[in-house]
Amino acid sequence: TDLIPGTAVLFIVFLFTLWAFRFHQRRTRFPPGPRPWLFLGNLLQKDVLPLFNTYTKVRHKRYGPVFTIWLGTKPMVVICGIEAVKDALITHNEEFGGRPPVPILDQVTKGFGLISEHEKWKIVRRFTISTLRNFGMGKKSMAERISEETHCLVEKIASFKGQPFDIIPTVRATVSNVMCSVIFGNRFSYEDKKFTELLEILEAFVTFFVSLPGLVYSTLPNIMNFLPGPHKKIFSDCKKVCDFVRNEVDTHKETLDPENPRDFIDCFLLKLEKEQNSSIICMEDLVMSVFQLFIGGTDTTSSVISYALVLLARFSDVQVKIQQEIDEIVGANRAPSMEDRMKMPYTNAFAHEILRILRITNENFPRMTTQDVNFRGHFIPQGTAILPLLVSMHFDPLHWEDPENFHPFHFLDKKGEFQKKDAYMPFSAGKRACPGEALADMELFLIFSILLQHFTFELIIDPEEIDLEVLYMGCRKKGKYHYLRAIKRKI
C-alpha cells in the first residue's frame, strides 16, 4: 500500500512531462516568440503583455514583425509594422478574414448578431452596413443628426456654468443618442435614469473586455465561469440591456409599417419577414446586432472624445489654434458642417492625431486564419488567432517624425494643408474593418468643432499630473481625468 502514493506521483509526473513535451512540439508549428510558461503561456509576463507597451522589445529581440504569444495554451500570431499588417489585412484579406470565438461577447450574445465567427456574419454585416447608409451614415442627413445632438450637449455643458463637471457620462449620452436615433428611431433625455443605467452597464462591459481580467477570462472561460468575480455581475447586467432591446423590438413589431421603416429595427424585422422560410438569420440575430451596435456606436467614440477633450485642456496651444481656425472659417453665426472640414486642416489633423496617439491594443478581439497560410516566411495553421497590431504602425519612427508625442502636424504638409498617411489605420482594414468608420469620422470632427466654437476647456488639476500613456484607460476609471471646466467663449 505504501507504493500507491509513490506510483500516483510518478504517474502525475509522467502525464505532466508528456503534456509539456507535446506543448513544446505544438509551439514549433507556429512562428517563434517569447517563451511561454506552462499552462499560463505569456499571460502574466509583464515583458510581453500588454503588447502596446512591449511589442517593440519583443519584435526586435530576434522575432521580427511576425511572432507568436500564448494566452494560456492558445497561440496568437502577432503581426507588426505597416508592410506586414497591410500584407495580412489587404493582400491576404481572405486568409486572415476569420474571427475566433470571443468568449466575453459570446457569453452575452451566444454567437448571434453582427459579430460572430459563423458564415452568417457576412449576411448580417452586409445588411447592417447597407441599412446604416440608407439612414444617412456618411451622408449629410447623418451630419445634421450629429450637429443637433451636439447642440443638446452644448446646452448641457452650459448648465454647469463654468463649474467642474464629469465629462464622461455627458459625452457618452450624446454619442449614444446619435446611434439610438438610427437603431431605435428616437433619442433619450440625458436625465433618463433607464438610459443612464444602460450606458453604465455598457461601459462596465467594455472596460472589463479590454482589461487584464478580461483577457484572463477570454483565455480560460470555462474555468472563470465557475469562479466568482466582476464578470458575474457584468454578464448579469448585460441581460438587462438585452431585455431592453427585446422590449423595443416588441414595440416595433406592433407599430411596424412595411411601407415606411423608421429605423434599423424596422428594417431588420422586414428582412426577417421576407426571409421567414430561411433559417440563416433569426430574431435573436436582430436583438444581438442591436446590442452590438449599441456598444459599438457608444463606447469607443465617446471614450475617444472624452480623452481628446482632456488632451485639449492639457495642450492649450492646440485648443487655441483650433478655435482660431473655427473663428476664421465658420464664424459665430452658424454651426460647423462637414463641408467645412477640408477648409479646416488643423482641426481635421487634430481629429486624426487623436486616433493615432492612442496606445491601446485589444488582444481579446483578434482575427483568425480561414485556411493554412504561408505568410512572410512563416507557416500559420488554419484556425489560428491573428492580431494585426495597429499601434505598431501608428508609432513607427520610419513613418512619423515624432511618434511618441502628440502633434497634429503629423497630418499636415509643409504648407499646413491636411495630408493622409499610409501608416494610419485606426479602423483596421479588409473584411473585418470597422463598419462605423464613416460615422465615427463625422462625430469626431463635428463634436470637436461645435464644442470648441462655444467653450474653452480647462483642467482642474496640474497639467503635469496628466500621464499621456495611461490617459485613455484613465478616462474609463473614476478619478482625476473625469472632470473638466468649460468656460463659455464670447463669440
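A residue counts as partly exposed when its relative accessible area lies between the buried limit, under 20%, and the exposed limit, over 50%. In the predicted model described here, C434 falls in this middle class, because its relative accessibility is 36%. The UniProt record, an unreviewed entry, places the feature "binding site" at C434, and the residue lies in the loop between α17 and α18.

Two further residues of that loop were examined. K431, in the loop that runs between α17 (391-394) and α18 (437-454), is likewise partly exposed, with a relative accessible area of 28%. Residues up to four places away in sequence being left out, K431 touches N93, E94, W121 and R125. The C-alpha atoms of K431 and I460 are separated by 43 Å, although the two residues are 29 residues apart along the chain. A429, which also lies in the loop between α17 and α18, is instead buried, since its relative accessible area of 12% is under 20%. Apart from neighbours within four places in sequence, A429 is in contact with L89, I90 and R367. A429 and K86 are 343 residues apart in sequence, yet their C-alpha atoms are 8.0 Å apart in space.

L89, one of the contacts of A429, belongs to the buried residues of helix α3 (residues 82-91), which are I82, A84, V85, D87, A88 and L89. The elements that cover these buried positions of α3 include the strands β2 (74-79), β4 (367-368), β5 and β7 (385-388), together with α17.

The packing of helices was considered next. Two packed helices are described by the angle between their axes and the distance between the axes. Helix α12 (residues 264-274) packs against helix α13 (residues 283-296) at an angle of about 155°, and their axes are 10 Å apart. The two helices are therefore roughly antiparallel to each other, and their crossing is right-handed. On the side of α12 the contact is made by F264, I265, F268, L269 and L272, and on the side of α13 by M283, D285, L286, S289, V290 and L293. Sorted by class, this contact of α12 with α13 has nine nonpolar residues, one polar residue and one charged residue. K271 is also placed in helix α12, and this lysine is buried, with a relative accessible area of 16%. Beyond its neighbours within four places in sequence, K271 is in contact with I123, F127 and I281.

Helix α14 (residues 299-314) packs against α18 at an angle of about 35°, with 11 Å between the axes, and the crossing in which α14 passes α18 is right-handed. From α14, the residues T301, V304, I305, A308, L309 and L312 meet A440, E443, L444, I447, F448, L451 and L452 of α18. By class, the contact of α14 with α18 has eleven nonpolar residues, one polar residue and one charged residue.

A further pairing involves α14 and helix α15 (residues 316-329), which pack at an angle of about 100° with their axes 5 Å apart; that angle makes α14 roughly perpendicular to α15. L312, A313 and R314 in α14 meet S316, V318, Q319 and I322 in α15, and the classes represented in this contact are four nonpolar, two polar and one charged residues. L312 of α14 takes part both in the contact with α18 and in the contact with α15.

Backbone geometry was noted at two loop positions. Most residues other than glycine have a negative phi. At K161, however, phi is near 55°, a positive value in a residue other than glycine. K161 has its place in the loop between α6 (140-158) and β3 (165-166), where this residue is exposed, with a relative accessible area of 72%. R376, which is not a glycine either, has a positive phi of about 50°. R376 is found in the loop between β5 (373-375) and β6 (378-380) and counts as partly exposed, at 42% relative accessibility.

Methods: Residues are numbered from 1 along each chain as its sequence is written. This is a predicted model: local features need pLDDT of at least 70, side-chain atom pairs count only at pLDDT 80 or more; totals for chains, interfaces and linings use all residues. Side-chain values use heavy atoms; hydrogens and water are left out. Axes are lines fitted to C-alpha atoms, for helices over the stretch in contact, and angles run from 0 to 180 degrees between N-to-C directions. Helices (H or I, at least four residues) and strands (E, at least two) are DSSP runs, numbered from the N terminus. Angles under 35 degrees count as roughly parallel, over 145 as roughly antiparallel, 65 to 115 as roughly perpendicular and the rest as oblique. A crossing is left-handed if the near helix is turned anticlockwise from the far one by less than a right angle, and right-handed if clockwise. Contact means heavy atoms within 4.5 Å. Ala, Val, Leu, Ile, Met, Phe, Trp, Tyr, Cys and Pro count as nonpolar, Asp, Glu, Lys and Arg as charged, and the others, Gly among them, as polar. Buried means under 20% relative accessible area, exposed over 50%, partly exposed in between (1.4 Å probe, protein chains only). UniProt positions are given in the numbering used here, feature names are shortened, and annotations may be inferred rather than shown by experiment.
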